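Please examine the entry shown below.

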Amino acid sequence: MKEPLVPVIPMSHTAHIRSHRKPRRSATSSIALRAGVAGGVLSMAAAGASASASAAEPVTQTIELPTLTADLSAQVAQSAAATQQAAANYELRAERDAAAAKAATEAKKDLAEAKKKAEAKKEAAEAARKAAAERANRSTERATLSASASTSASTSVSAPASGSVATVIAFLKAQVGDAYVMGATGPNAWDCSSLVQAAYKQVGVDLPRVSQDQSMAGTDVPLSSVQVGDILYWGGKGSAYHVGVYIGDGQYLDAANPSKGVVIQDLSGYPASGAVRVL
């Protein structure tokens, strides 16, 4: 059997020298080189894209942030305005409620005061009506007593008395219950001396107006001998501070003071200083 033939490839005359050999690139090395180059290019592209994105990002934030801030500010402003309006409405409602409550309280107070005034006016009118009726009754009684006094003496007079004395006593008794008012001269209010003066004027005797002068009128009478119709005085003669008229049975009639008015009193409870007789 014949051995196969081995082809003979001509070589350079320097091929046997190692340093003169031209290195042969393998397919794997070439692929790796290409892959590396491609990877580097892609890496650079990615890095560039990333750098571009990084550089562009602040621009995007700078553009969008004011918009977001403006919207948020507007919302905050709207919320604050709504809150302020709500507070104003609440305050206004509170003021109206307070005003209504105050008006109701004042109206209630005014009504109570009006009722009180109406009651007081009604009471005053009733009192005036009663006073007028009493005055009318007294006037009638006085007229009756004055008409009959000249013909008969009062049954309460214990001592003998002339018709003139009876008239004086009848007039005085008709005034019992009238008020005492300093300086008053009747017909429904008197002081002590004006009542005595008016009583004696009924029989034509003109007495001085004041008690001091009345104690000097007529004739002095000892208190042990006093008679009905005699004028009693308290204090010194000529300086008396009070007068009244003796009506018998140890009693006298006078316009006493503002708390008592015209009354009949016992002489033993307030003894007189002296007496004078003018009838």
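This is a predicted model: local features need pLDDT of at least 70, side-chain atom pairs count only at pLDDT 80 or more; totals for chains, interfaces and linings use all residues.

The dialogue below treats the fold, the aromatic pairs and the salt bridges.

Visitor: What is the geometry of the pair formed by Phe171 and Trp190?
Guide: Rings of Phe, Tyr and Trp (its six-membered ring) pair if their centres lie within 6.5 Å; planes under 30 degrees apart count as stacked, over 60 as edge-to-face and the rest as tilted. Three aromatic pairs are present in the structure. For Phe171 and Trp190 the centres are 6.2 Å apart and the planes stand at 80 degrees, so the pair is edge-to-face.

Visitor: Is Trp190 buried or exposed?
Guide: Buried means under 20% relative accessible area, exposed over 50%, and partly exposed in between (1.4 Å probe, protein chains only). Trp190 has a relative accessible area of 4%, so Trp190 is buried.

Visitor: Are the rings of Trp234 and Tyr270 stacked or edge-to-face?
Guide: Trp234 is buried at a relative accessible area of 1%, while Tyr270 is partly exposed at 33%. Ring pairs also link Trp234 and Tyr270 with Tyr252 into a cluster. The centres of the Trp234 and Tyr270 rings are 5.2 Å apart and their planes lie at 15 degrees, so the pair is stacked.

Visitor: Which residue meets Arg277 in a salt bridge?
Guide: A salt bridge is a side-chain nitrogen of Lys or Arg within 4 Å of a carboxyl oxygen of Asp or Glu, and a search of the whole structure finds three. Arg277, in strand 8, is linked to a residue in the loop between strand 3 and strand 4, 47 residues apart. At an N to O distance of 2.8 Å, the partner of Arg277 is Asp230.

Visitor: How many residues apart in sequence are the parts tied together by Asp220 and Lys237?
Guide: The side chains of Asp220 and Lys237 meet in a salt bridge of 2.5 Å, N to O. Asp220 lies in strand 3 and Lys237 in the loop between strand 4 and strand 5, so the parts tied together are 17 residues apart.

Conventions
Residues are numbered from 1 along each chain as its sequence is written. Side-chain values use heavy atoms; hydrogens and water are left out. Helices (H or I, at least four residues) and strands (E, at least two) are DSSP runs, numbered from the N terminus.
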